[in-house]
Amino acid sequence: MYTVGIDVGSVTTKGVLLNGRDWRHVIRPTGCSPRQAGLEAFEELLGQAGLVRDDISCVIGTGYGRISIPFIDKAITEITCHARGAHHLLEGADMVVDIGGQDSKVILTDGRGNVVNFAMNDKCAAGTGRFLEVIAAALGADVSELADLARGAEPVQISSMCTVFAESEVISLLAQGVDRGRIIAGIHRSVASRVAAMAERLGKGGLILFTGGVAKNDGVREFLARELGRETLVVPESQLAGALGAALLAREKPVRKER
Amino acid sequence: MRPQMMKIFENMRADNALTVQNAKDNGFKVVGMFCAFSPQELVLAAGALPVSLCGTRQEPIPAAEKTLPRNLCPLIKSSFGFAVTDTCPYFRASDFVIAETTCDGKKKMFELLAQYKPLHVMHLPQGTDRSGALQWWLEEMNLLKERLEEHLEVTINQEDLRAAIKLSNRERQALKNLLEVNRLDPAPLTGMDMLTAIWVRGFNVDKEEGIGLIEQLTEEIRNIAGQGISPFAKGTPRILLTGCPVGTGCEKVVRLLEECGGSVVCYENCTGIKTLEYLVDEDEQRDPMEAIAERYLQIPCSCISPNPGRLELISKLVADYQVDGVVDLSWQACHTYIVEGELVRRHVRDNCGVPYIQLETDYSTSDIEQLKTRISAFIEMLNGS
């Protein structure tokens, strides 16, 4: 039985094709058309496996773009999908911290992949992947280099939470001659403490899986673990947790939309 | 099957704007009220028409922001914006306006609003757990009575007060009966329709006629329910909405809750049960002013500190309406409800055994997708999906 999960995020679109214990994935930028990105991810998955639409029992769409992809059988929020995917990726995980392009979420689960409670950041971009991108640009760096640049540096205090004000703050810190690594470490800490504050209100997770694009940044992960005081892990497939969760839910509760 | 009566309720706010104008032309005085603490019995006893002025629409907010700070709650901005743009027929029709010191934002806004209308601000006590609170509030009632008599050039007598108490109690009871149809599972009326029906009470010019319409609607819904018909499938998660007031124009959270697969079965907020739960004591031996004061002081609003009545009411409603999840709606910058949300969260978690979510938003549509994600995930959680 083949099922597919398509996670159309604000920055990247992830697709997972699941069959028994095997699964394959694709990742591509969402760009300006979530609908097109979702469709391309789906077709690429089918093409790689030599399958056609009718071979797939159920396709579940998730992520902010889930409403714009027409070929899915059902849409489920990324919160439910991340909880399910995390359970598959990290046995025993009972909390998921997901920091994506435009929002961050903390999800408390029952340890079996079901959501017990969750919190999401407010509607601004503070403490998200977009925030890191803006700051990286102000520092003349690529977002993928941030962790390396900040390694071992003593974090400087960043007081602004708003993306726009934080960018101004970073620029003035640079003007004062503060070391770039220290500024980046400060930014990492500010992202982590913002998310940790959300997590505190949900209750204690024992084992935390860190997912979403920002999970690729080890600097943020380190501060998260420190702020949360719990083991906070990233697995190689962390970014795919939502799409994988969608494919798993498609297999467990398959639905077929009339077409 | 949607009740036929709903069509009447849908058009009532617009239709009644004309009725208010006609009544004015016939010499009736109109008194605008901003909040559930305004004692409509005094207005009725003065022979005037009470109308609701609480701003629930986005449209006048930009005009209000020319004067008021942007990070103020949308209800205050909308209320003020309607007044300064002269776009609310009910504000325009008001000969006199009653306001209350419910929160800091409102009381200072009323100082600005006083330029536009003759306005009286009632001073609420901070809490109800001090010995002088009721006496304070009774004095405020007496002061309001004097102001009304002076402005409307009438005398409010005990007999008229007692009649107004009975009429207002009947209205409350009729509305409560209407709300209680949704104790049935599945609910026979959508939360959206319920909101439309209960919200227009503030624009009912003829109270008797209004009560009659509410009773007819309740009867029609009971008949529909009797045939086992509901807009919801069995098992649809049943939501209790608590928090800030909601009205037509700012119903987006109610709409999303139902679009995302929930059924809003009960309104705890001051649009709903909060103001209907308590009736004014009709005991003829008592001073009617004291009975009115006592009843209004029982309203469990977050502006009262402490406010245990709200928690008790939520517990009761969760049981009475077989609620599966509590949604606490806070308008942005409504400090009292946002902060009290933490107490509600703990109370619901520890005493009600159902999930709780606080949603903070404003009247705009800018965060619809983010809200949809939160709300869908909450409903998915209730469904154990």
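**Domains and their contacts**

Mentor: Chain A is divided into domain 1 (1-90 + 237-259) and domain 2 (92-234). Such bounds come from an automatic or database domain assignment. This is a predicted model, where local features need pLDDT of at least 70, side-chain atom pairs count only at pLDDT 80 or more, and totals for chains, interfaces and linings use all residues, while side-chain values use heavy atoms, without hydrogens or water. Residues are numbered from 1 along each chain as its sequence is written, with chains lettered from A and ligands numbered from 1 in the order in which they are written.

Take chain A. The C-alpha centres of its domain 1 and domain 2 are 26 Å apart. Their contact (heavy atoms within 4.5 Å) uses 16 residues from domain 1 of chain A and 28 residues from domain 2 of chain A. About 1600 Å² is buried between them, and carbon and sulfur atoms give 68% of that. Buried area here is the accessible area (1.4 Å probe) that two parts lose on being put together, summed over both. On the domain 1 side of chain A, A:I79, A:L90 and A:S238 lose the most area, together 38% of what that side buries.

Now a helix pair in chain A. Helices (H or I, at least four residues) and strands (E, at least two) are DSSP runs, numbered from the N terminus. The axes of α2 (residues 78-89) and α8 (residues 241-252) of chain A come within 7 Å and cross at roughly 90°. Axes are lines fitted to C-alpha atoms, for helices over the stretch in contact, and angles run from 0 to 180 degrees between N-to-C directions. α2(A) and α8(A) are therefore roughly perpendicular (65 to 115 degrees). The α2(A) side of the contact includes A:T80, A:R84 and A:L89, and the α8(A) side includes A:L244, A:L248 and A:E252.

Chain B next. Its assignment gives domain 1 (6-156) and domain 2 (160-383). The centres, over C-alpha atoms, are 21 Å apart. Each domain of chain B puts 49 residues into the contact. The buried area is about 4300 Å², with 73% from carbon and sulfur atoms. B:M6, B:F9 and B:E41 supply 17% of what domain 1 of chain B buries there, more than any other three residues.

Chain B also has an open sheet. Four strands run in the order β2-β1-β3-β4, with parallel pairing. Two strands pair if DSSP finds at least two bridges between them. β2 (49-52) and β4 (119-122) of chain B stand at the edges with a single partner strand each, so one side of each has no neighbour in the sheet. The twist averages 25° from one strand to the next. Four bridges join β3 (residues 96-100) of chain B to β4(B). There, B:I98 has B:H120 as its bridge partner. Helix α8 (residues 133-152) of chain B packs on the sheet and touches β1 (30-33), β3 and β4 of chain B. Its direction makes about 170° with that of β4(B).

Last, some backbone details. Most residues other than glycine have a negative phi, and most peptide bonds are trans. B:E153 is not a glycine, yet has a positive phi of about 55°. B:E153 sits in the loop between α8 and α9 of chain B. A cis peptide bond joins B:D185 and B:P186, with omega about -5°. B:P186 is in the loop between α9 (158-180) and α10 (191-199) of chain B. The bond from B:S305 to B:P306 is cis, with omega near -5°.

Notes. Angles under 35 degrees count as roughly parallel, over 145 as roughly antiparallel, 65 to 115 as roughly perpendicular and the rest as oblique.
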